[in-house]
Structure formats: structure tokens, C-alpha cells
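Here's a quick briefing to read alongside the model. Have the sequence and the 3D view open as you go.

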Amino acid sequence: QVQLVESGGGLVQAGGSLRLSCAASGRTFSTYAMGWFRQAPGKERDFVAGITWSAGTTYYADSVKGRFAISRDSAKNTVYLQMNSLKPEDTAVYYCAASKRYGSSWYVLSRVPEYDSWGQGTQVTVSS
């Protein structure tokens, strides 16, 4: 099992930036990919961005392309989500997750059930 702890959320004005962090511990060697998801009140949990742990290949939801950037620091077992040009519609609880689905495509890895471990979430609120 992998334990995940997110941090870095907060309140920011539209157009501002935030960087989320996700620290992983436990059986991190079994992780193939890490993903960031978000869930707004009354809505489903949606994929935001993902990165493969070894190769560092990335994938983004269309809604955040060009504004968000995912990265990882293998030495620190930490994944980051840099969020720029934030919009009020980015307001949500952001979760990081770890997947053991080796070799899966991002079409597969953009789905919630493909992830085995989840963090507790961090609130991001963007004011207009």
C-alpha cells in the first residue's frame, strides 16, 4: 500500500497560481503512475493530470492543458501540480492517487477505478 499526503491548497484570485504537492510513502516501488484528480461539490471526481513514475511521461485533461504542469521528484517521492492562470471553475478538492497498472494507456489511467491509493485531498478555491 502507498500512503499519499497532499498539501499546497488554498484560496487564490482568478489568474493566480498555486503549487500542490503529494508526498508518497510505503510501497512506492509498485507505483506505475501518479494522477491528480479534482472533485467539485455535487460533481464527479475528474482526472486533471498524470505522470508515469519511471519515464516521466505526462498527460492532461483538455480543461487544464497549457495552464497546469505535473512533475515528480523521484528522490523525494513527491509529485507536484503547478497550477497557473487559475479560473473559478478550477475550484475543487484536489486528490492525488497512485496506480499499479503497468503499461496502461492514459485513456485507461484517466479513470478513477484504475488507482489503488488516494490522498485525503486539499481544497483549492479560486475567487472571481
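Is Tyr80 buried or exposed? Tyr80 is buried, at 13% relative accessible area, where buried means under 20%, exposed over 50% and partly exposed anything in between (1.4 Å probe, protein chains only). Keep in mind that this is a predicted model, where local features need pLDDT of at least 70, side-chain atom pairs count only at pLDDT 80 or more, and totals for chains, interfaces and linings use all residues. Numbering runs from 1 along each chain as its sequence is written, and side-chain values use heavy atoms, with hydrogens and water left out.

**Tyr80 and its surroundings**
- Tyr80 sits in strand 8 (residues 78-83); strands (E, at least two residues) and helices (H or I, at least four) are DSSP runs numbered from the N terminus.
- Not counting residues up to four places away in sequence, Tyr80 touches Arg19, Leu20, Ser21, Trp36, Ala69, Ile70, Ser71 and Asp73, with contact meaning heavy atoms within 4.5 Å.
- Val64 is 16 residues from Tyr80 along the chain, and their C-alpha atoms are 15 Å apart.

**The nonpolar core**
- The largest nonpolar core has 36 residues, and Trp36, Leu81, Met83 and Tyr94 have the most contacts inside it; such a core is a set of buried Ala, Val, Leu, Ile, Met, Phe, Trp, Tyr and Cys residues joined through side-chain atoms within 4.5 Å.
- Strand 9 supplies the largest share of this core, with five residues.
- Setting aside neighbours within four places in sequence, Leu81 contacts a list of residues including Leu18, Leu20, Trp36, Val48, Phe68, Ile70 and Tyr94.

**The disulfide**
- Searching the whole structure turns up one disulfide, meaning a pair of cysteine sulfur atoms within 2.5 Å.
- The partners are Cys22 and Cys96, with their sulfurs 2.0 Å apart.
- Cys22 belongs to strand 3 (residues 18-26) and Cys96 to strand 9 (residues 92-99), so the bond ties together parts 74 residues apart in sequence.
- The torsion about the S-S bond of Cys22 and Cys96 is about 55°, so this disulfide is right-handed.
- Cys22 counts as buried at 1% relative accessibility, and Cys96 counts as buried at 1% too.

**The largest pocket**
- The largest pocket has a volume of about 150 Å³, the space filled by probe spheres set on grid points joined across faces, edges and corners.
- A pocket here is an open set of points on a 1 Å grid over the protein atoms alone, where a 1.4 Å probe fits, with protein on both sides within 12 Å along at least five of seven lines; lining residues have an atom within 4 Å of a point.
- Among the lining residues are Arg38, Gln39, Lys43, Glu44, Asp46 and Phe47.
- Strand 4 (33-39) and strand 5 (46-52) each supply at least two residues of the lining.
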